Amino acid sequence: MAANPMTQFEVYRIGPEIKIGTFDISFTNASLFMAISSLAILIIFNLGSKKNSILPNKIQLLAELSYSFVSKMISDTAGSKAKPYFSFIFSLFMFVLFCNMFGMIPYTFTVTSHIIVTFVLASFIFIGVTVIGFIKHGFGYLKLFVPSGVPVILLPLIVVIEIISYLSRPISLSVRLFANMMAGHTMMKVFGGFVISLGIVGGWLPLSFSVALTGLEILVAFLQAYVFAILTCIYLNDALNLHH
Amino acid sequence: MIKKIFFQSIFFNFFFFKEVFAAESGGMPQLNPEFWISQIFWLTLTFGILYIVLSKLILPKISANLELRKSQIQDNIEAAEKQRKDSESKLKEYDDIIFKSKLEAKNIFKDSREKVIKDINNKKETLENQINEEIKKAEKEIEVVKKSAPEKINKIAIEASSELVKKLIGAEINNSSISAIVDDLSKKNGDKYYGN
């Protein structure tokens, strides 16, 4: 019995140890679920885009609804200029969503419950958005830190705050997803443990909690993927349409 | 009995809890950097492949499908609109034709009626003319007869009176003297008999 609620987050090697130089890049259970999620996305969307009938079948409808959902999300938050980044945001949303959802299946591994994974994604977004901002606006992008309509006396303080909030974006973005996933899965594990330890008589209460938590966690899994994607869109919006 | 088991289970929970959390070795596996490089590598690889395949192969297809469907639906709507307009114009044409033909029928009816009336009038007129002529002719004849009537009467009167005289007195009387008397009488009483 995996009694420790944290053991579910342990990464272990599957197959042989692979090393490039001093770096260990062995195939692990995390890698396995990354691959499974990506493959599932590719299979579903490939099936969904294969045939084009006027009246779409279920899988085609799924693919097209997801497409228009993400498309609408991007155009609502970042405008029409964000069109070239559609594929990236779509892939990101789908990847995070599928990793979260695969984590909801018992005995699976949740890729996004690892800070390193979310941090790499978030810092990639952060660096990418910053680069796009500087390419589009040059040094004018620094005006992002100077909001208009602020009294001059407050300006130094505001600029410092803005810079800090800008630099903390990758951290907040990554920690939000990671913490949500970890906390949810830990809670479920703890309540699962209570079910076992309270036995057939007292276990019903934590079991019902567990059931409710499962529903909540599925919601959270979707919501966090959505939040991750929409925050990416908002950051992209800052870089593309400099409003300050 | 059930109560006893319930309390027992709650009581013994503490032992179980100890067992449950016994394996805790402290800290989160997330913060163990042993597999960080591996995770970064595999994340980059899988997400990179996912991004490339989605953006190059799958998303353009879905986009094209959506566009195609949109344009097809648009086309269908346009075609339906066009057909609707066509049918409307055809209906209008049909109505026009019906209206025109009704008008024509009315005209034809009117014309023929007028013609018939005219014909009847013409015929009536000619008939009246004829009748008038006939009447005039008859009147003329009557006039002629009227005019010639006193002379004939006089003649007859002369002859009759001469015959009467012959029979009565057996003597021949000169016709001229009788005619003078008759003429005188007829001049006196002619108006009485003939109304002229």
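**Exercise 1.** Find how H3(A) and H7(A), residues 204-240 of chain A, run relative to each other.

*Solution.* This is a predicted model, where local features need pLDDT of at least 70, side-chain atom pairs count only at pLDDT 80 or more, and totals for chains, interfaces and linings use all residues. Residues are numbered from 1 along each chain as its sequence is written, and chains are lettered from A and ligands numbered from 1 in the order in which they are written.

Step 1. Take the helices (DSSP runs of H or I, at least four residues; strands are E, at least two; both numbered from the N terminus).
Step 2. The axes come within 8 Å and cross at roughly 160 degrees.
Step 3. H3(A) is therefore roughly antiparallel to H7(A) (over 145 degrees; under 35 is roughly parallel, 65 to 115 roughly perpendicular, the rest oblique).

**Exercise 2.** Sort the residues of the contact of H3(A) with H7(A) by class.

*Solution.* Contact means C-beta atoms, placed from the backbone, within 7 Å. H3(A) contributes residues including A:Phe93 and A:Val96; H7(A) contributes, among them, A:Phe228 and A:Cys233. The classes are 12 nonpolar, three polar and no charged (nonpolar: Ala, Val, Leu, Ile, Met, Phe, Trp, Tyr, Cys, Pro; charged: Asp, Glu, Lys, Arg; polar: the others, Gly among them).

**Exercise 3.** Describe where chain A touches chain B.

*Solution.* Step 1. 45 residues of chain A contact 42 of chain B.
Step 1. H1(A) gives the most to chain A's side, with 11 residues.
Step 2. The axes of H1(A) (29-50) and H2(B) (36-169) come within 10 Å and cross at roughly 5 degrees. These helices are therefore roughly parallel.

Conventions:
Axes are lines fitted to C-alpha atoms, for helices over the stretch in contact, and angles run from 0 to 180 degrees between N-to-C directions. Two residues are in contact if their C-beta atoms, placed from the backbone, lie within 7 Å.
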